Amino acid sequence: MSDTTDPADLIEVNRVNWDERVVPHLKAYGAEAFADDPSALSGVVRDDLDLMRPHLEEGSVAGRRLLHLQCHIGTDTLSWARLGARVTGVDFSGAAIEAADALAARAGLPARFVQATVEEAPEAVGERFDIVYTSIGVLCWLPDLAAWARVIHDMLEPGGLFFVRDAHPMLYTLDEERADELVVRWPYFDSGTALRWDDPSDYADDHTRLENATTFEWHHSLADVVQSLLDAGLELTSFGEHRTIPWRAHPSFVEHDGGWVLPEGAERLPLTFSLTARRPQAS
Ligand SMILES: C[S@@+](CC[C@H](N)C(=O)[O-])C[C@H]1O[C@@H](n2cnc3c(N)ncnc32)[C@H](O)[C@@H]1O
């Protein structure tokens, strides 16, 4: 790879990395068992539904058109389909989209999966939705939150609901080599340049060693997340900070109730945040 800093080139490097994760993730996520069990829902969607329910008409997604940005292999998207939503998933990884299509066919669930970056999504999908959804491990892959927020606004019907839950930006500042203490090492604010990682390990499978180990990530402050949505014309309707995260995002974390938490003193640091926002009726 050349020494480019053009985000489009860095996104291509990330895409190759994400393509390679698809095969190990099909196993690590238990994708076939998920597809074969008509009552199975992903843990992420179960938790997200609890947070979204107060903002959904009659507390349900049934019959609603739902767009899932950065849908990966589709287990979360298909969980929404099982809850009655009419789902479309978007991901920039062709391998992930192929896997998601195959899982939908195996599960006998109607779903549309489209290969596109987040920024390409409006043109590639060509529809608007009642709900735009994105969750867990998504924002760090995006160089430009202003563009992200405009995509969300433009792909929602007026009055439509947006939901995001993701790692808390403070979590990304922690030194991942210090299991004994929470040590701030990396920038909280977006420095304007991507952070480069060369890490062959995978968050979902301890045995995986990735050949395409390089990734580029962008740190976004909580204010940048919220302000980008406000600037795009969305109205914030709820905001939360949470004490659990669905993957082992730091070596000190311990398993609890299907997720990961701080080993002690959970009050010290939020691990995830969530928010809902609406596209105003008259916009
Ligand atoms: C951690 S997954 C999030 C999905 C879900 N939480 C899961 O685990 O199944 C991150 C996804 O973002 C996708 N991705 C990364 N950068 C992207 C971009 N710029 N545009 C679209 N998708 C992207 C990756 O291919 C990957 O499938």
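1. Basis. The model is predicted, with local features requiring pLDDT of at least 70 and side-chain atom pairs pLDDT 80 or more, while totals for chains, interfaces and linings use all residues. Residues are numbered from 1 along each chain as its sequence is written, and side-chain values use heavy atoms, leaving out hydrogens and water.

2. Strand E2. Strand E2 spans residues 86–91; strands (E, at least two residues) and helices (H or I, at least four) are DSSP runs numbered from the N terminus. Five of its six residues are buried, so E2 is largely enclosed by the rest of the structure. Buried here means under 20% relative accessible area, with exposed over 50% and partly exposed in between (1.4 Å probe, protein chains only).

3. Pairing with E1. E2 runs parallel to strand E1 (residues 65–69), and five bridges join the two; strands pair if DSSP finds at least two bridges between them. Leu-66 stands opposite Val-87 of E2. Right-handed means that, with the strands pointing away from the viewer, the path from the first strand over the helix to the second runs clockwise.

4. Pairing with E3. Strand E3 (residues 111–115) also pairs with E2 in the parallel sense, over five bridges. Asp-91 is opposite Gln-115 in E3. From E2 the chain crosses through helix H5 (residues 94–107) to E3, in a right-handed β-α-β crossover.

5. Ligand contacts. Asp-91 is also among the closest of the 18 residues that surround the ligand, together with Tyr-29, His-72, Ser-135 and Ile-136; a residue is near a molecule if one of its heavy atoms lies within 4 Å of it. A polar side-chain atom of Asp-91 is 2.6 Å from an oxygen atom of the ligand. For Gln-70, an N or O atom of the side chain lies 3.2 Å from a ligand oxygen atom. Phe-92 places a polar backbone atom 3.3 Å from a nitrogen atom of the ligand. The protein covers 96% of the 590 Å² of accessible area that the ligand has on its own (Shrake-Rupley method, 1.4 Å probe).

6. Residue Ala-149. Helix H7 (residues 145–155) contains Ala-149. This residue counts as buried because its relative accessibility is 0%.

Key:
A polar contact is a pair of N or O atoms within 3.5 Å; within protein, one must be able to donate a hydrogen and the other to accept it, and residues adjacent in sequence count only if both atoms are side-chain atoms.
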